[in-house]
Amino acid sequence: MNIEEVVSLIEELYSPHPSRDVIQIQQSLQVVQRSDEGIHLANELLINPSHSSNVKYFGALTLTVQLTTNVDSHETLWKLFKCNLLHLSKCCNLYISDTQAYASLITIIKKLMSNLSLIFTNINESDFEASNCNVISQWNNPVNTLLQLLSSYNNVPLHQWTTNPEMDQILHQYINAPITYDNLIQSIQSSPACNKLLLMFTQIIVEDLTKFQTKKNRMSKVYEIVHDHLYISTMALINANLTIIDCSDDIIFDSISAWISYISMVRNVSRHGRMDLNEMFENMVDLILKSTQESDNFAIAEKIIGIIGTVFANDPTLMGFELREKIEIIFIGVSKSGNLDISKHNWMLQYMNHLVTNEMTEELKELAICIVDFLQINTLDVCNKLFTTISSTTVNHEALQQYVKVLLQMTNFPLVPVLREHFSVRMVDIWLDLSEAYTNLSPETLSEQGPQLATEIFQQVVQILLPKISLINKGKIIEGDSDETAFHEFDDFRSAVSDLMESLWSILGNDKLTNILISGLGNHLHAINHVENTDNDGIFDIEAIAFLLNTLLRDMTLSESPWVCDVMDSCEFLVGNILMLLQHGFESPGNSAGSHALKLDFVRTSSVLLGTIAGYFQQSPSQLDICIDTLFQGLQITTLGSGSDTELNNKLEILTIKALSTLCDVCRQELSSSLDKFLAVLSSVMSPNSNYSSFTREKLVRSVGYIIEAQQSGPEQQGNYILQLLSMFENLIRQTMMIPTQQMQQQRIYLHCLFSCISELGSSLIREEEDENLSVIERMSGYNEYWKNDPLAIRAKIMDLIEFILNDTLLSVDPEFVEVACLILGKALNLPDDEPHFLKYSMSEIMRFLLKQADKTSILISLPYYVYLLEKLINRFKDQLSSHDCDFIIEQVFLKRYQDSIVSDPDSLQSTINFINCILDCKPSLLIHSKHWMTFILPEFLKLLSVREKFTIVAITKFWVKILSNRRYTQQDLATMQQQIISLGQDLVYQTLFGLYHTQRSDINNYTDILRALVAKFPLQIKMWLVNALPQVSSHHKDHEKLINKLLVTRGNRAAGNAILEWWLECNQLPAL
């Protein structure tokens, strides 16, 4: 392909409407680029002035391809070096001569600079040995080289700027020739274009070096050369731009950012990474103060603040202490050491005013982030100076007071947080750091006024942040048509303030924080009488207090905190205000996405707080009924919304029923007299005509169950209530199943809900283990006897109902219905013998159910749930079971279906193995002495070691580990197991190694555990087993002996894992560790 054809293809490639397939064009050009003629092609494309910018850029790109594919010697690299350098010099000179006419050359110049950046790295880190003395082996300073060539361009005839011996000599002369500071300054002062190109070149070099982080441990020589040469000339260049030359061009700031990133990276990996940037930062800070509205409309200030903000966020120690103090004075007006300079701080106030006046929200946010990141550098030092006697001789208390005042002013920045300002948002991090630092102080170091000062400061923080997190501001964000990012950011802000309150509680305690918020909520001037006034700020103030109060009270057991309950009792409007928030959330109009969000927030805050203070109602239950009534009303409201409100109403319904359930759980004794009211509501909610979710119905049944459990009129009354509920569920189930309907899915969901309600009722009558209520303990024996006899035959009725449901053709193969049946039957299997429960089925009753249903339902669908029930059964009755019983279960449930169904289904196979593992965990003798142990389980489970399914691998390897190491073995079990393993050992080792060899890396540890156990338990036999098995698994014989020796040395400890991993990597020809 000649040059004209290549040019034609390039032009067509970049054409907006190519006549040929672009992929074919690219493939044709790539062949030429990678060929041995690639360098010649690139020269031809770049040297002809009549070629377009696209063609020339393709020439530069061809040099890149050659650099990455065809460099196999120093000579080739030197050839590419000369080519790139000469073309870069020519392009730069043309650009400098007329920046407007040759503006299109910039992209070509950048590509050539990028090529030279790669060459700079390759030359200085290359292992090639030069075969002649004309090839350089080190390149010190690309910027100096370029400047030397640009300076001498006019002294060399144009026709000589090509690859020839004369030009080689010139290049050798200039490549590592130094440039004096005066010459550098003169060059960049006389030519802004030259200045721009030099800054661009140094930027590209360090950006590329930063990208090479994966090679950072192999680039020590490059780092040294950069430190000794390029850094020095670049700093002179940058500082000259900051002090002498008008630096309005973005290139100077881009170059500064690139160097900061490079130095931050390299100083962590090389001793040559320590490069002082303080002079540059000093000049930048001076430049900030010169940037005003009159001079440049603060344009330079914005750019510099963005740069130093990145420094404070990522690597603040790049900047020296004295310089940081200078910046502190600009930001705050005072430093921690006591220096004041209002004039410099006035500049900051003017800049803030400029941003606020011009509604430059993003720039204001960037400033806030910069300042807060700066303040976080030395939070501990601020804490020590404020609150301790440490460094008391150097503390200027007046300056510190001013310092804190400014911090509080930033927190109270007078705009809407998130929407218009971010100072208050980011300052939360400062106060959190400061409070945590104070909490960690040793009491002996506190100054006399320290605790009082901390209280005053942090109480002011709370007072400032309360109106900031008000939903009024969230409403303004919504009205401002902000995107969802701002919406969620405000929620994050509220959450951050909530976290701060937890930290402040450790300083302020209940007296100075919790009790004050309780009083603020319960004694609020806008209480109760202003529900209908949606414009009143009072309700938003109440919500903010309630939101924070929930954080402080949720980890407190109020039933055991009478002093807090007394404060709550003294607040006349406390509960009323919480209910007012709840009612407002339900009743306020929701005609937009924004109003939906506010409704949800009001209901969430109030309903969650009601649940949080449930313990208070145990001490003061007088207002409990009105809370329940309000929640019931809210629950009813959620079912009345239109179709567009469905999602909102579903969320409101969930919040409401959760609060209701929590109150019933905690206050079950106090609500015992309201049981009839709950039953009436439940009857309405369970109706198929009602519009409640399954979640609400099930939660309400559980809530009613809590109250039934607390009834103290004897077991007969409890039995009657349970029978009443069961009869309701049964009637509804039978009615529903008898009614033909086209809406099969809705009917199925309703039936599943009714069925699940029996399980929820069972759960509600199981008391928490830590519950030591004496009245419950005293009446336990009577209840136990009652439910043992079950005079109302409730268990039989439930079993009949289960069988009735699972007899349905569709429901019997529905896994969700099988699951609920197993949950009901297994509900009480974890309870001790002396704890009564209406669902305490016997082992024979459960086994009859399992055997009957296993023949009717699909085993692939039902087996996981049957295994769940069997595992609970084994754990409950393990002392009563014999190996014969175990054989019966294995035969009837598993063996009958193993070959036809289970073995081909990974989920069923995993469930089967997990069941066997469960027996090994609780009573291994049941299996070891089983007739199926040697005939089915061990031989079959040996074969399963070579499976490929991850979850089966996990289960089967656990099985073998449990066999080899089991603390529940009796002496007889242990002797039997050892004999069995010795007889199976060779096969076990082979199957384990085979599975290990063919597995993926993430599963290696599963097999490793088996080998470790074998090495530890059978040290005499394991070597022979390994010697025989390894050659059958892999042909890498040299690695086998190494593995055997290492394993025997480890004796099964954790180091064996590394030996096995190394063997696996070697055998699979993967890179070693």
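The following legends describe close-up views of a predicted model.

**View 1. Helices H4 and H5 pack against each other.** Helix H4 covers residues 53-69 and helix H5 covers residues 74-97. Their axes lie 11 Å apart and form an angle of about 160 degrees. Because angles over 145 degrees count as roughly antiparallel, H4 is roughly antiparallel to H5. The crossing of H4 past H5 is left-handed. On the H4 side, the contact is made by Leu63, Gln66 and Leu67. On the H5 side, Leu77, Leu80, Cys83 and Asn84 take part.

**View 2. Helix H17 and the helices that pack against its buried residues.** H17 runs through residues 361-375 and has 15 residues. At 1.5 Å a residue the helix should span 21 Å, and its end C-alpha atoms are 21 Å apart, so the two values agree. The buried residues are Thr361, Leu364, Leu367, Ala368, Cys370, Ile371, Val372, Asp373, Phe374 and Leu375. They pack against helices H14 (299-314), H15 (321-332) and H16 (342-357), and also against H18 (379-387), H19 (397-411) and H20 (423-439).

**View 3. Helix H47 and its covering helices.** H47 comprises 14 residues, 1004-1017. The distance from its first C-alpha to its last is 20 Å, close to the 20 Å expected at 1.5 Å a residue. Buried positions in H47 are Ile1004, Asn1006, Tyr1007, Thr1008, Ile1010, Leu1011, Ala1013, Leu1014 and Val1015. The cover over these residues includes H45 (950-964) and H46 (971-997). It also includes H48 (1022-1033), H49 (1037-1050) and H50 (1055-1067).

**View 4. Thr999 in the loop between H46 and H47.** Thr999 has a relative accessibility of 9% and therefore counts as buried. Leaving aside residues up to four places away in sequence, Thr999 touches Ile953, Ile1004, Tyr1007 and Trp1064. Ile1004 and Tyr1007 are among the buried residues of H47.

View 5. Asn297 is placed in the loop between helix H13 (278-290) and H14. Val418 belongs to the loop between H19 and H20. Val418 is buried, with a relative accessible area of 6%.

**View 6. Cysteines Cys194 and Cys627 in a structure without disulfides.** A disulfide is a covalent bond between the sulfur atoms of two cysteines. A search of the whole structure finds 0 disulfides. For Cys194, the closest cysteine sulfur belongs to Cys92 and is 8.4 Å away, which is too far for a bond. Cys627 is likewise in no disulfide, and the nearest cysteine sulfur, that of Cys667, is 9.1 Å away. Cys194 is buried, with a relative accessible area of 5%. Cys627 has 0% relative accessibility and so counts as buried.

Definitions and conventions
Residues are numbered from 1 along each chain as its sequence is written. This is a predicted model: local features need pLDDT of at least 70, side-chain atom pairs count only at pLDDT 80 or more; totals for chains, interfaces and linings use all residues. Side-chain values use heavy atoms; hydrogens and water are left out. Helices (H or I, at least four residues) and strands (E, at least two) are DSSP runs, numbered from the N terminus. The expected span of a helix is 1.5 Å times one less than its number of residues. Buried means under 20% relative accessible area, exposed over 50%, partly exposed in between (1.4 Å probe, protein chains only). Contact means heavy atoms within 4.5 Å. A disulfide is a pair of cysteine sulfur atoms within 2.5 Å. Axes are lines fitted to C-alpha atoms, for helices over the stretch in contact, and angles run from 0 to 180 degrees between N-to-C directions. Angles under 35 degrees count as roughly parallel, over 145 as roughly antiparallel, 65 to 115 as roughly perpendicular and the rest as oblique. A crossing is left-handed if the near helix is turned anticlockwise from the far one by less than a right angle, and right-handed if clockwise.
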